Amino acid sequence: MDFSTLFIIIIGSIFINNFVLSRFLGLCPYIGVSKKMDSALGMGMAVIFVMTMASTITWLIYTFFLNEATSIFGIDLTFLRTIAFILSIAVLVQFVEMVIKKTAPELYKALGIYLPLITTNCAVLGVSLLNINENYNFIESIVNGAAAGVGFTLVLVLMAGIRERLEYSKVPKSMKGMPISFIVAGCMALAFLGFSGMKF
Amino acid sequence: MLLVSIIVLSVLGILFGIALSFASKVFHVEIDPKIEQIEEVLPGANCGACAYAGCAGYAEAIVLSGAEPTLCAPGGDAVAAEIAKIMGTKAGKKERNIAVIHCQSGGINNTNIKFENKGIATCKAAVLLSNGQNACTYGCLGYNDCYRVCPFDAISIDENNMRIIDEEKCTGCGKCVEACPRDLIELVPISKKVHIQCMSHEKGKDAKTNCGNKTACIGCGLCAKKCPVEAITIENNLATINYEKCVSCGLCATVCPTKAIEDRIQFRPQPIIIDEKCIGCTICAKKCPVNAIDGKVKEVHKIDEEKCIQCGICITVCPKKAIEAKA
């Protein structure tokens, strides 16, 4: 295994191709759950968890059911990947919710509300599809999933910090609330664009 | 190809379905069904009057940590009884509290103002500005914070910008009590009908000149002297009623020189003893706050109508229902 490839994947997913700010995936929770630091952190942790799990399971499904060369059926079913991935992610989140509820009630209380929300999060589906497009192997897929989650959490927490400060700052009346948040989001995306100059 | 894709997806779906149903059995968490039942009974206003985090929190507290079933203010006795039924216990009757505003000023034409306030139109903001725009620093500011915070629509504003609390709608949740920066609102049992409508601690003359309604308590103490049950105390130039002692007889309201005391009972009927029913138990005579009932054991009692203040206590305490109100 090549550690430098993994390192490049991690840096790439967190900074250069950040899911929110350069791929524009998962924008709904980015705006919706970034009002408070606590909920942003909770959501971020849940996303990291689900993305890692989803990358694992969708890679397995793709490799053993859909991809012609490695499938047990020997037929090219790659056109089914979107629907199969959505299905498996939904099931996975349900399953994870049950397991956490039973084994770690405290964690369930902390993540509780956010877990079901993630089921329909496009960033989770996005990371699964990108893993396939980039031809990542099993380990690389898992690492990419986790790193994408970390990138999402990073941006969410940064945004929450800025928005908590915005509450106390003097903002023109017409800009208060959502408008200034969108402007901040744009500025953050521009800042993250600077990372795209990094080449390995 | 078509067939295979259908089969693959179906197989995936069935596998996932089996896995999930299996997992739901394995990872099943026992939740007391009582919690859900109680949650359904509760009003769902999440007002927080019970001091728990919302209705769900209260339901959990009842079942898991044995909280009292009578804490829900909006639900009142009906909900308390339902909860008690679910829990298999009996609910003690709890008298409903309602909010009472202890001030008669704060309207458009009954407020003396020191200056015109053009700042933010809320009570909380107004008190921060030179301690409010009205001359009385104890009185109602008139920006209706209580009206806005009421979750049950129980406070209305009349044409004079005075707040009127609807005794039927008020649930005694206490939101307005917290909202009032002058602490003018108090939760009082609904059976108590006589209220001192002033909170001014100013000396008599100042209190009266500051009050735009001219109905300030001047701390003269007449009400305290007249009270048959010693429920009124004067402290810092202000009379306050101890509602635990108060019998709502309304005598204080009749003697108050500044009309600072409101008596919400319009007419008190004269009680009369029905001689045939009276067994001479002397309970009414013992409970009468003004000793208006003359009664020896096993003799028919008599009410001295001159002494009687029509408080109605004797009617409620008589075990034989031998005392009635004269129409």
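How many residue pairs are in polar contact between chain B and chain A, counting pairs with both residues at pLDDT 80 or more? The count is one. The legends below describe a predicted model.

**Figure 1. Confidence along chain A of the predicted model.** The mean pLDDT of chain A is 86. A score of at least 70 is reached by 96% of its residues. Helix α8 of chain A, residues 138–166, has the highest confidence, at 93. Helix α5 of chain A, residues 105–111, has the lowest, with a mean of 71. Where pLDDT is low, predicted coordinates should not be read in detail.

**Figure 2. The contact between chain B and chain A.** Chain A brings 19 residues to this contact, and chain B brings 16. Interface size is often given as the accessible area lost when the parts come together. Here the buried area is about 1,700 Å². Carbon and sulfur atoms supply 91% of that area. On the chain B side, the residues that lose the most area to chain A are B:F16, B:L20 and B:F27. Together they account for 33% of what that side buries.

**Figure 3. Polar and charged features of the interface between chain B and chain A.** One residue pair is in polar contact, with both residues at pLDDT 80 or more. Salt bridges across the interface number zero. The side of chain B that touches chain A has 12 nonpolar residues and four polar ones. That side has no charged residues.

**Figure 4. Chain B as a whole.** The chain holds 12 helices and 12 strands. It has 327 residues, and 41% of them are buried. Consider the contacts in chain B between residues at least 6 apart in sequence. Of these, 57% join residues at least 24 apart.

**Figure 5. A:N18 in a loop of chain A.** This loop runs between α1 (3–16) and α2 (27–32). A:N18 counts as buried because its relative accessibility is 0%, under the 20% cut-off. Its side chain reaches the backbone nitrogen of A:L21 at 3.2 Å. Beyond neighbours within four places in sequence, A:N18 contacts A:G12, A:S13 and A:R23, among others. Its contacts also include A:G151, A:V155 and A:F192.

**Figure 6. A:F24 in the loop between α1 and α2 of chain A.** Most residues other than glycine have a negative phi. A:F24 is not a glycine, yet its phi is positive, near 55°. Is A:F24 buried or exposed? A:F24 is exposed, because its relative accessible area of 52% is over the 50% cut-off.

**Figure 7. B:D183 in a loop of chain B.** The loop lies between α7 (175–179) and β4 (185–189). B:D183 is not a glycine, but its phi is positive, at about 55°. The residue is exposed, with a relative accessible area of 52%.

**Figure 8. B:N161 and its surroundings in chain B.** B:N161 sits in the loop between β2 (155–157) and β3 (163–165). Why does B:N161 count as buried? Its relative accessibility is 17%, so B:N161 falls under the 20% cut-off. The side chain of B:N161 reaches the backbone oxygen of B:G142 at 3.1 Å. A polar contact of 3.0 Å also joins the side chains of B:N161 and B:N144. Both B:G142 and B:N144 are among the residues that B:N161 touches, leaving out those up to four places away in sequence. B:G106, B:G107 and B:I108 are touched as well.

Definitions and conventions
Residues are numbered from 1 along each chain as its sequence is written. Chains are lettered from A and ligands numbered from 1 in the order in which they are written. Side-chain values use heavy atoms; hydrogens and water are left out. pLDDT is the predictor's confidence in each residue, from 0 to 100. Helices (H or I, at least four residues) and strands (E, at least two) are DSSP runs, numbered from the N terminus. Contact means heavy atoms within 4.5 Å. Buried area is the accessible area (1.4 Å probe) that two parts lose on being put together, summed over both. A salt bridge is a side-chain nitrogen of Lys or Arg within 4 Å of a carboxyl oxygen of Asp or Glu. A polar contact is a pair of N or O atoms within 3.5 Å; within protein, one must be able to donate a hydrogen and the other to accept it, and residues adjacent in sequence count only if both atoms are side-chain atoms. Ala, Val, Leu, Ile, Met, Phe, Trp, Tyr, Cys and Pro count as nonpolar, Asp, Glu, Lys and Arg as charged, and the others, Gly among them, as polar. Buried means under 20% relative accessible area, exposed over 50%, partly exposed in between (1.4 Å probe, protein chains only).
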